[in-house]
Amino acid sequence: MKPEGFGADVWAAADRGDILHEQAPLLTRSLLSAGVDTTVSGISGMVYAFASNPEQWEALRRNPNLARVAFDESLRWESPVQQIFRKTSSDVTIGGSTIPEGSRVMLCFAAANRDPRRWENPDKFDLSRDPSGHLSFGMGSTSAWASTQPASRRRHCWNNWRPGSRASNWPRRSNATTTTPFVAGTLCRCG
């Protein structure tokens with residue numbers, strides 16, 4: 001493991017107590033496989049968001065301090081992780097329906113990130129909103145750490161796209177097509 005690599009970052013998080021030491025090997029392996037997909041999907045989602053909303057790209061070019069908001073808003077708007085399956089550990093009632101203990105359920109992060117009960121005008125990519133609280137990487141101790149990794153890669157992209165960089169005039173097309181306290185989105189019982 002390289003001292004500057006993400007594997008070392010995982011073990012450092014375990015040493016700080018952010019995750020359990022027993023979780024470090026599994027998280028490292030998971031990031032090797034899943035981290036690539038979420039990074040590619042997250043970056044392409046951000047490119048798509050700006051290509052579809054050139055006025056938001058211009059707002060970011062005018063105010064580079066919006067970079068973190070842009071990263072989080074792009075994750076909220078075009079979630080790199082669409083859903084995850086889990087098994088209920090006890091009976092749970094949601095919206096008047098009871099899901100029995102041991103049921104397999106599918107949590108749809110993308111639906112939660114577009115839930116109008118949480119987000120005003122949820123289908124709009126908008127750098128003026130506070131996108132914190134999106135569920136693009138789920139919830140819990142490992143998701144909090146894992147979400148920083150694709151963000152660091154998107155920051156690297158931003159540093160290459162920022163005004164004054166070689167690619168700062170992207171996109172040029174003016175005719176482009178266009179941990180939270182709420183229960184939102186879609187929860188499907190799968191068996």
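Trainee: What does "exposed" mean here?

Mentor: Exposed means over 50% relative accessible area, buried means under 20%, and partly exposed is in between (1.4 Å probe, protein chains only). Keep in mind that this is a predicted model, where local features need pLDDT of at least 70, side-chain atom pairs count only at pLDDT 80 or more, and totals for chains, interfaces and linings use all residues. Residues are numbered from 1 along each chain as its sequence is written, and side-chain values use heavy atoms, with hydrogens and water left out.

Trainee: Which residue does aspartate 123 form a salt bridge with?

Mentor: Arginine 114, with the closest N and O atoms 3.0 Å apart. A salt bridge here is a side-chain nitrogen of Lys or Arg within 4 Å of a carboxyl oxygen of Asp or Glu. Arginine 114 is partly exposed, at 24% relative accessible area.

Trainee: How many salt bridges does the count come to?

Mentor: Seven. In one of them, the side chains of arginine 16 and aspartate 18 meet at 2.8 Å, N to O. Arginine 16 is exposed at 54%, while aspartate 18 is partly exposed at 39%.

Trainee: New topic. How many helices and strands are in the protein chain?

Mentor: Seven helices and five strands. These are DSSP runs, numbered from the N terminus: helices are H or I with at least four residues, strands are E with at least two. From the N terminus on, the order is α-α-α-α-β-β-β-β-α-α-α-β.

Trainee: And how much of the chain is buried?

Mentor: Of its 191 residues, 40% count as buried.

Trainee: Why is helix α4 largely enclosed by the rest of the structure?

Mentor: Because nine of its 11 residues, in the run 67-77, are buried. Among them are Phe71, Leu75 and Trp77.

Trainee: Are arginine 76 and glutamate 73 buried or exposed?

Mentor: Both are buried. They also form a salt bridge, with the closest N and O atoms 2.8 Å apart. Arginine 76 and glutamate 73 are three residues apart in α4, so about one helical turn separates them. Together with Arg129, they are linked in a network of salt bridges.

Trainee: Last one: which residues of helix α1 are buried?

Mentor: In α1, residues 6-16, they are Gly7, Ala8, Val10, Ala13 and Ala14. Just after α1, glycine 17 takes a positive phi of about 90 degrees.
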